[in-house]
Amino acid sequence: MAASMGKGGVTSFQKKSRTKTLQIPGTRPSSHGNQLLVSTGVPSLDHIIGGGIVVGTVLLVEEDSFGNYARLLMKYFMAEGIMTRHPLLLSSAELHPKQLLRDLPAPVSDDIGKAALHQENVSSEKNVEKEATMKIAWRYQNLRTEQPELGAFSQFGHYYDLSKTMSSEMTDTAPSRLFYLPDELPLEEQGMWNGIRNPAYVKLLQSIQDVVREGQFDLTVPQPKDMSRTVLRIGLHSLGSPLWGEQDGGTSHDTSLPHFLHALRGVLRTSLAACLITIPTHLFQDMAFTRRLEKLCDSVIRLESFAGSEKEQNPAYKDYHGLLYIKQLSQANSLLSYMPDCNDFAFKLRRKKFAVEKLHLPPELQDSQQREQDDPVAALKTPSTGCFSISGKSKLDF
Amino acid sequence: MEDSCVRGQFVLISDSLTDGSFLIHHFLSLYIKGGWKVCLLALAQSFGHYNAVGQKLGVPLTQAREKGQLRFIDGLKCSLQMYTCAPQEGQGENPLRALRDKKATLRPLYDLVKTQICSEEGVLEGPTLLLVDDLSVLVSLGVSAKDVSDFMHYCRVLMCPTQQGYCRVLMCPTQQSQGAIVSLVHKDADVEDEENSTLFRHMAYHGTVHLAVEGLSSGYSRDVHGQSNLY
């Protein structure tokens with residue numbers, strides 16, 4: 001349903017009909033298939049997952065051990081939503097969503113400048129500046145100097161500065177619905193539940209459905225043609241953590257979260273919404289459970305941070321803060337998912353920005369490598385060159 | 001085209017660490033073009049998805065659905081309804097009652113499939129294909145492997161009655177099986193998922209053809225997506 005409304009047109013047999021593209025600011029059609037994409041807020045991440053999150057699908061982020069980077073991705077996603085004026089729905093069980101929203105990265109200043117310019121009246125601006133008559137390009141004299149449609153909010157993907165926070169007036173005026181679990185569901189109901197459905201997840205799904213219905217994001221309900229549509233951004237932070245009532249660390253027999261994800265897919269496929277979910281899968285004991293959750297989401301990436309692990313000292317990783325694995329990419333409305341040309345990515349968090357890059361091994365590591373038996377390069381299973389000189393050296397040393 | 005749609009086959013597609021659902025699209029377009037009646041039990045994706053891919057492959061699914069050649073059972077919608085309705089109301093007609101009620105089986109789902117493809121006498125009219133996408137979703141949602149296996153057994157008896165080799169002598173020779181089944185099961189090699197493995201073994205036993213789709217043994221490559229074996 002989402003595809004038939006959002007894609008570039010009907011089949012090639014009907015060339016004369018009007019194209020049914022939805023022009024929604026802040027989105028763009030995918031080059032891979034006829035789908036609408038929204039940005040995650042991190043342009044390098046958008047690039048590796050095929051352009052962005054497909055509208056109507058779920059991007060699952062498997063959290064790193066401390067949850068910092070996943071929380072950062074959620075903040076970027078929400079900040080991008082505010083910049084593009086997409087309504088937000090943010091849920092969280094531990095941190096109050098308001099606190100998350102208060103700490104969003106600020107957009108880089110020239111974007112704010114553009115946004116401010118858009119809000120001014122274009123005609124008053126024209127009156128202020130002197131119109132020198134053009135001598136050469138006199139044909140263009142009467143055209144407007146400013147195109148009012150192109151404001152910062154219709155741009156796809158913005159750049160943010162992590163050292164500053166977004167102004168509270170921007171976050172307060174953004175349309176958002178916050179779901180904080182202790183407020184929505186009293187503690188008695190959360191604790192022990194028998195039966196198949198976790199009431200916390202049911203409550204969350206019902207509020208998602210309510211927002212979709214009230215905000216007119218539902219594609220099955222016909223809307224008047226001239227109504228401007230927008231995309232709902234749903235962020236579910238740290239779903240499946242023990243605070244949501246996951247018992248036994250998620251063994252295969254617990255079907256509450258898989259059923260929630262399946263039902264969520266049913267809602268999203270017929271709505272103009274994109275969803276980012278972070279789940280602390282490192283807490284689950286059973287890998288099969290994690291695999292089932294992955295199959296029920298459309299795109300999956302996993303973050304692994306180096307903090308506190310032995311990889312932190314590894315010289316091959318010295319520029320980076322963690323690794324990013326793409327486990328699955330969205331196949332919705334197409335025969336195949338987007339195929340990246342490599343699967344080794346690492347991320348780094350600088351003072352001002354978070355970026356994802358391809359992991360390149362340096363051609364040769366330094367001689368300061370003390371312990372040959374922990375050969376880091378041989379341990380990395382990447383197809384890059386450069387391993388052979390190091391392993392040759394260690395053989396000779398023995 | 002007609003020759004490649006074989007009757008009486010139970011085809012099992014399994015995928016390991018990759019996605020075998022492209023074969024579902026392939027079989028769907030093959031049988032629709034071949035003029036068969038198709039019942040698509042869609043548990044993993046919405047109708048829009050199959051339609052979008054079908055348009056690229058040159059198979060107009062919306063028209064097939066309107067004409068009645070394609071019967072679509074929307075599993076996502078039934079599952080959503082089961083999830084959000086209150087315990088007392090709304091469970092009556094939903095074919096996926098087993099998701100809420102531990103004592104129920106997939107019998108209502110089988111009844112729905114039967115009403116969709118059979119005539120009033122309960123017999124298949126013309127060549128019919130049952131396409132199930134996919135069975136592992138049922139397991140993930142909490143249905144036991146045994147219940148899914150029973151459901152598929154009933155479907156197989158409905159669609160391909162002369163399949164059991166040892167019974168062929170006893171069956172009336174004029175009864176030519178009209179139907180075929182294609183279903184998909186996920187079988188990831190790196191993860192130990194007992195229910196899924198049990199389900200896979202049962203399906204492999206029932207099936208006549210097994211298409212295994214997996215990634216290349218040498219690792220990830222952009223241009224060649226994987227390999228598939230036929231058993």
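The legends below describe a predicted model, in which local features need pLDDT of at least 70, side-chain atom pairs count only at pLDDT 80 or more, and totals for chains, interfaces and linings use all residues. Residues are numbered from 1 along each chain as its sequence is written, chains are lettered from A and ligands numbered from 1 in the order in which they are written, and side-chain values use heavy atoms, with hydrogens and water left out.

**Figure 1. The interface of chain B and chain A.** Chain B brings 45 residues to the contact and chain A brings 40, where contact means heavy atoms within 4.5 Å. The size of an interface is often given as the accessible area lost when the parts come together. Here the area buried between the two chains is about 3,700 Å², and carbon and sulfur atoms give 57% of that area; buried area is the accessible area (1.4 Å probe) that two parts lose on being put together, summed over both. Three salt bridges cross the interface of chain B and chain A, a salt bridge being a side-chain nitrogen of Lys or Arg within 4 Å of a carboxyl oxygen of Asp or Glu. In a salt bridge, the side chains of A:Arg292 and B:Asp193 meet at 2.8 Å, N to O. On the side of chain B that touches chain A, helices α1 (21-33), α2 (47-57), α4 (75-84), α6 (135-140) and α8 (194-206) of chain B each supply at least two residues. Helices (H or I, at least four residues) and strands (E, at least two) are DSSP runs, numbered from the N terminus. The residues on this side of chain B comprise 18 nonpolar, 16 polar and 11 charged. In this grouping, Ala, Val, Leu, Ile, Met, Phe, Trp, Tyr, Cys and Pro count as nonpolar, Asp, Glu, Lys and Arg as charged, and the others, Gly among them, as polar.

**Figure 2. Salt bridges in the structure.** Over all chains, the structure holds 18 salt bridges. One of them joins the side chains of A:Lys352 and A:Asp161 at 3.8 Å, N to O. A:Lys352 lies in the loop between β13 (345-349) and β14 (354-358) of chain A, and A:Asp161 in strand β7 (residues 160-165) of chain A, so the pair ties together parts that are 191 residues apart in sequence. A:Lys352 is partly exposed at 39% relative accessibility, whereas A:Asp161 is buried at 6%. Buried means under 20% relative accessible area, exposed over 50%, and partly exposed in between (1.4 Å probe, protein chains only). In chain B, the side chains of B:Asp150 and B:Lys146 meet in a salt bridge at 3.0 Å, N to O. These two residues are four apart in helix α7 of chain B, and therefore about one helical turn separates them. B:Asp150 is partly exposed at 33%, while B:Lys146 is exposed at 56%. A network of salt bridges links A:Glu62, A:Arg291, A:Glu294, A:Lys295, A:Lys327 and B:Asp188.

**Figure 3. Strand β5 of chain A and its partners.** Five of the five residues of strand β5 (residues 88-92) of chain A are buried, so the strand is largely enclosed by the rest of the structure. One face carries A:Leu88, A:Leu90 and A:Ser92 and the other A:Leu89 and A:Ser91, and both faces are covered. Strand β5(A) pairs in the parallel sense with strand β8 (residues 176-180) of chain A over five bridges; two strands pair if DSSP finds at least two bridges between them. A:Leu89 has A:Arg177 in β8(A) as its bridge partner. With strand β9 (residues 232-236) of chain A, β5(A) pairs in the parallel sense over four bridges, and A:Leu90 stands opposite A:Gly235 in β9(A).

**Figure 4. The buried residues of helix α5 of chain B.** In helix α5 (residues 107-117) of chain B, the buried residues are B:Pro108, B:Leu109, B:Tyr110, B:Val113 and B:Ile117. The buried residues of α5(B) pack against β2 (37-42), β3 (70-74), β4 (128-133) and α7 (145-159) of chain B.
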